[in-house]
Amino acid sequence: NGVVVGETSLTAQALLDRIEMEIRQAIYDLRPPILGSAGLIPAIKGLCTEFQTLTGLPCLYRVTGDPLRLPAEVEVAVYRIVQQALHNVEAHARAGTARVCLRFHAEGLHVVIKDDGRGFHYPDIPANNSRSLGLIGMQERAQSIGGNLSVETSPGSGTRIILELPVG
């Protein structure tokens with residue numbers, strides 16, 4: 001019996017360690033630490049660098065205008081939209097390059113994530129298709145922060161995800 005209790009104790013501890021790790025990961029996923037410490041621009045640049053490292057595809061990054069810090073929930077939403085768009089490029093586009101452009105202007109923020117991949121016929125994707133879940137999530141995130149997300153694509157012409165976000 002003593003051995004069984006000892007094994008149970010070890011198993012319980014391993015389970016608790018795993019739960020703690022998963023909770024930490026969930027918290028990290030909610031608000032990446034770099035957003036709090038460095039802000040949106042370094043966080044997006046990090047996404048582009050990570051994308052390039054993981055996929056081997058060039059990911060060009062550009063910021064124009066006068067950058068400003070945005071409310072935390074807005075920065076998280078923008079970060080997650082860019083992250084999902086780059087994930088879609090990796091998973092579906094068969095692209096040679098990706099680009100992420102942030103343009104700060106008097107009325108707000110304009111974000112474009114573009115690839116030179118195969119594109120698709122956007123209206124043909126049903127809402128219950130697993131491929132559309134990422135697009136739906138990006139649109140919901142954009143709406144939740146008062147933004148508008150649009151998709152420009154057609155077969156053979158790549159894809160542009162455009163986020164327009166009024167600020168102020």
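Two strands count as paired if DSSP finds at least two bridges between them. Helices here are DSSP runs of H or I with at least four residues, and strands are runs of E with at least two, all numbered from the N terminus.

What we have is a predicted model, where local features need pLDDT of at least 70, side-chain atom pairs count only at pLDDT 80 or more, and totals for chains, interfaces and linings use all residues. Residues are numbered from 1 along each chain as its sequence is written, and side-chain values use heavy atoms, with hydrogens and water left out.

Overview first. The protein has five helices and five strands. Along the sequence, the pattern reads α-α-α-β-α-β-β-α-β-β. Of the 168 residues, 35% are buried. Buried means under 20% relative accessible area, exposed means over 50%, and partly exposed lies in between, using a 1.4 Å probe and protein chains only. Now contacts, meaning heavy atoms within 4.5 Å. Take those between residues at least 6 apart in sequence: 65% of them join residues at least 24 apart.

On to the strands, starting with β1 and β2. They run parallel, joined by six bridges. Y61 sits opposite V100 in β2. How does the chain get from β1 to β2? It goes through α4, and this β-α-β crossover is left-handed. To call a crossover, point the strands away from you: if the path from the first strand over the helix to the second runs clockwise, the crossover is right-handed.

Stay with β2. Its side chains alternate. A98, V100, L102 and F104 point to one face and are buried.

Next, β3. It pairs with β2 in the antiparallel sense, over eight bridges. A hairpin of two residues links β2 to β3. L102 stands opposite V111 in β3. Then β3 also pairs with β5, again antiparallel, over eight bridges. There, D115 has T159 as its bridge partner in β5.

Last pair: β4 and β5. Six bridges join them, and they run antiparallel. N148 is partnered with E164 in β5. Their hairpin has five residues between the strands, and G156 in that hairpin takes a positive phi near 85°.

Now the helices. Helix α3 covers residues 40–55, which makes 16 residues. It reaches 22 Å from first C-alpha to last, close to the 22 Å expected at 1.5 Å a residue. The expected span is 1.5 Å times one less than the number of residues. Which residues of α3 are buried? L40, A43, I44, L47, C48 and F51. Seen down the helix axis, these buried residues fall within an arc of 145°, so they line one face of α3. That arc is taken from the directions from the helix axis to the C-beta atoms. What do they pack against? The elements are α2 (33–37), β1 (59–64), α4 (72–93), β2 (98–105) and β3 (108–115).

Then α4. Its 22 residues should span 32 Å at 1.5 Å a residue, and its end C-alpha atoms are 30 Å apart, which agrees. R94 follows α4. R94 lies in the loop between α4 and β2. Its phi is near 55°, positive in a residue other than glycine. Most residues other than glycine have a negative phi. R94 is also exposed, at 69% relative accessible area.

Let's finish inside. A nonpolar core is a set of buried Ala, Val, Leu, Ile, Met, Phe, Trp, Tyr and Cys residues joined through side-chain atoms within 4.5 Å. The largest one has 39 residues, of which L40, I44, V78, L86, V100 and L109 touch the most other members. At least two core residues come from each of α3, α4, β2, β3, α5 (130–144), β4 (148–153) and β5 (159–166). Which element gives the largest share? That is α4, with 11 residues. In soluble globular proteins, nonpolar side chains tend to be buried together.

Look at L86 on your screens. Leaving out residues up to four places away in sequence, L86 touches L47, C48, F51, C59, A98, V100 and I113.
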